[in-house]
Number of protein chains: 2
Amino acid sequence: MAPRGYIDAGTKWYYILHPRPVYIILAEHAGSANFMAASWVMPFSEEPPRIVAALEKEAYTTELIKESAIFTVNVLGVEHIDFIYGAGTISGREVDKLSILGAEVSRDTITGAPRLTKPRPIGVVEAKIHRLLDELAGDVYLVVADVVAAYADESLFNTRYGWEIRKAKIAMHSAGRAFTTNNGLYVARRKRS
Amino acid sequence: MAPRGYIDAGTKWYYILHPRPVYIILAEHAGSANFMAASWVMPFSEEPPRIVAALEKEAYTTELIKESAIFTVNVLGVEHIDFIYGAGTISGREVDKLSILGAEVSRDTITGAPRLTKPRPIGVVEAKIHRLLDELAGDVYLVVADVVAAYADESLFNTRYGWEIRKAKIAMHSAGRAFTTNNGLYVARRKRS
């Protein structure tokens, strides 16, 4: 029973917290690499630098992360939504998802986990599991991970304010096949006290 | 040492995972209500419906949440960034932040926690703490909370696809005083297999 003027979101309650940046998460174990799309990933702690991610227990990439303890979070521009949607809907457990989607990776990372090189991400966070919590929900793990390295396209990011928000077009997931990106720069007036 | 073409994000690593929707979180305990801005909040589990939030241990609103175990997450349109910035920079511990920022609340919620009514949010999630994890980082709690109710502006949200992404203009935090919003609808082509 929602207040007047509002509609109860029902089972789609989580869309109230969307749109969100969507990432490609890559991992590898025993010679098998795979990746998936995920938008339920966020910064958690500045110091120590840590992120949290909600990872589907049944996903193949999650299995690789659990085994290897390392993964990369890759930020793509909105021009790559077909790739992202494919990454989020094809399972790499029985097919070669990298090949099907034309993805290429590099292992020149600090952790050794593969990072995406094609399509070229505009930002990458290399992460290592700090804690994997399996009893906080049904079919997802809550993964708390240390940030081992983090870098972004030098033409789109600066180390003071982050993204050049008028230039970088971050892929964000709205719902299903629907995506969006950031629009314009809005600057808050400084509060006078 | 970032790969060629990339810049190391340094201490601003978390901006790689921005811009993100930014929320106003409200709570109340023993007659004292307060609110703060937060963007490190995300859906965590569909079933059971749960969210996670990174909450600064020292924040007054966090203290109220810890005492009462209930809070609301309020989504605002980008036209309210001055309010959001004020909410994120003024502490309500020693001043009446609601009054200073002209906020109004209602307690007509299932949980009894205050929800924002002025400025009018376009979406609200009512939450109740499931677990408060205090040892996963230094100065933040990781709060895992049950979603008790969730509703959104009936003219901007539908229960199938969520936000009408061309109409709703969600406030998103970029960095410091810089905000952005969503831009347009991009639809992924269905992957043919």
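Predicted model: local features only at pLDDT ≥ 70, side-chain atom pairs only at ≥ 80, totals over all residues.

Trainee: By what turn can chain B be laid on chain A?

Mentor: The superposition of chain B on chain A gives an RMSD of 0.0 Å, and the shift along the axis is 0.0 Å. The two copies are thus related as by a two-fold rotation axis. The turn that brings chain B onto chain A is 180°.

Trainee: How many residues of chain B are in contact with chain A, and which strand gives the largest share of that side?

Mentor: The contact involves 80 residues of chain A and 80 residues of chain B. On the side of chain B that touches chain A, the largest share is ten residues, and these come from strand β15 (residues 178-187) of chain B. By kind, the residues of this side divide into 49 nonpolar, 17 polar and 14 charged.

Trainee: Through what surface do the copies meet?

Mentor: One compares the interface residues of the two chains: 100% of those in chain B are also interface residues in chain A. The copies therefore meet through the same surface.

Trainee: Which residue is the bridge partner of N183(A) in β15(B)?

Mentor: Strand β15 (residues 178-187) of chain A is joined to β15(B) by seven bridges, and the two strands run antiparallel. Within β15(B), the bridge partner of N183(A) is T181(B).

Trainee: How many residues of strand β6 of chain A are buried?

Mentor: Strand β6 of chain A spans residues 50-56 and is mostly covered. Of its seven residues, the number buried is six.

Trainee: Is E58(B) buried or exposed?

Mentor: E58(B) lies in the loop between β6 (50-56) and α1 (60-68) of chain B. It has 11 C-beta neighbours inside 10 Å, and a residue with 12 or fewer counts as exposed. E58(B) is therefore exposed.

Trainee: How far apart in space are E58(B) and S174(B)?

Mentor: In sequence, E58(B) and S174(B) are 116 residues apart. In space, from C-alpha to C-alpha, the separation is 23 Å.

How values were computed. Residues numbered from 1 in each chain as written. Chains lettered and ligands numbered in written order. Least-squares fit on C-alpha atoms with pLDDT ≥ 70 in both. Contact = placed C-beta atoms within 7 Å. Helix = DSSP H or I, 4+ residues; strand = E, 2+ residues; numbered from the N terminus. Buried ≥ 20, exposed ≤ 12 C-beta atoms within 10 Å, placed from the backbone. Nonpolar A, V, L, I, M, F, W, Y, C, P; charged D, E, K, R; others polar. Pairing = 2+ DSSP bridges.
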